[in-house]
Amino acid sequence: MIGYYLHHHGSGHARRATAVASHLRHEVVGLGSGGRPEGWPGEWVELARDDHPAVDAGTADVEADGVFHWVPRHHAGLLARHRQVLDWLDHARPSLVVVDVSVEITTLVRLSGTPVVVGAMPGRRTDRPHTLAHDLAEAILAPWPAGAHPDAGWPDAWLAKTWHVGGISALRPAAEDGRDGDGDGVAGAGGAEIEHGGAVATEPDVERRVLVLWGAGGADLDRATLAAARAATPGWRWEVRGGGHPLSPDLVQDLRDADVVVCHAGQGSVADVALLRRPAVVLAQPRPFEEQEATARALDRLGLAVTDRGWPAAERWPDLLERAHRLGGERWALWGGDGAATAAAHLDALADRLGRPTPESR
């Protein structure tokens, strides 16, 4: 059995974990406090929240003087949460637990004697708490290709136990036009060799389509700012999904129909765009540990998308869209979006090697 802990902030952890869990051979049990994700393939343990009731970070020493990220003093929800995790470990005796993401849960699980695989995140992750979690991990699961973040400052010991599986998209498009799987002779993450930029389309006679994808976990899109961008780009028709606007009823088709996709630099959005290989403008948004800035730098370094920070001024949008359209989407093969099956294969193999613990061994 494999346990899978999901952080409750935003939707990316749940989408990524569900995609991986759906490919596992081993029985999988999810743990988290964000509710059972849609499509979760196994049992689910709903955990107590460690942020309700609200915490005064100034008096609760939530970081334990820099050792952890979130351990507020005398918090009943935190205590109940950890008790639930330990009770489940004692009852289920999993071969391993995947933690995406929490330094505290990683430490708790490993202190119980259970091996841990840590889900990696981009950005500045060499602080004291992250170092503890990465050092404790049996393996580190990185949803990007090898070499994407040469400036991350990871020690060799971390890199030696990292599985670089490429982007992990929750989408499962039907085989069509060679754009998913191994079609069209284009490799997945990590090993593709393709010409830079792809084909340059001629100027169309019809209105081109901009698809804006904005996930949970950050600020909604400002309607006045969107209106200004629309007004500055005649010849482009804008459609917005998420960020306070309706979600897509068919995200795969929306992506396929887009001439240019505009999205933030979250791992899920980037993987979705990579899987469908769409021309894109990727905008890094403020997040802890500069994670989206790091992803934008990686995409720019690899020449996969046009990148920027925040939301650009209206007068810049004509150039951004044209540049992205000229660049095309074929270089996204270098990033990949179909890493879920690869990640699951690594986890299954590790669980096979570790075996199932017996009561006597614990």
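**Entry 1: salt bridges.** I searched the whole structure and got 23 salt bridges (a side-chain nitrogen of Lys or Arg within 4 Å of a carboxyl oxygen of Asp or Glu). This is a predicted model, where local features need pLDDT of at least 70, side-chain atom pairs count only at pLDDT 80 or more, and totals for chains, interfaces and linings use all residues. Residues are numbered from 1 along each chain as its sequence is written, and side-chain values use heavy atoms, with hydrogens and water left out.

**Entry 2: Arg25 and Asp348.** I looked up this pair and found a salt bridge at 4.0 Å, N to O. Arg25 sits in the loop between α1 (12–21) and β2 (28–32) and Asp348 in helix α11 (residues 340–354), so the pair ties together parts 323 residues apart in sequence. Helices (H or I, at least four residues) and strands (E, at least two) are DSSP runs, numbered from the N terminus.

Buried means under 20%, exposed over 50%, and partly exposed in between (1.4 Å probe, protein chains only).

**Entry 3: Arg208 and Glu322.** Their side chains form a salt bridge at 2.6 Å, N to O. Arg208 is in strand β8 (residues 208–214) and Glu322 in helix α10 (residues 317–327), 114 residues apart. I noted Arg208 as buried at 5% and Glu322 as partly exposed at 22%.

**Entry 4: a network.** I also found Glu207, Arg209, Arg237, Glu239, Arg241 and Asp254 linked in a network of salt bridges.
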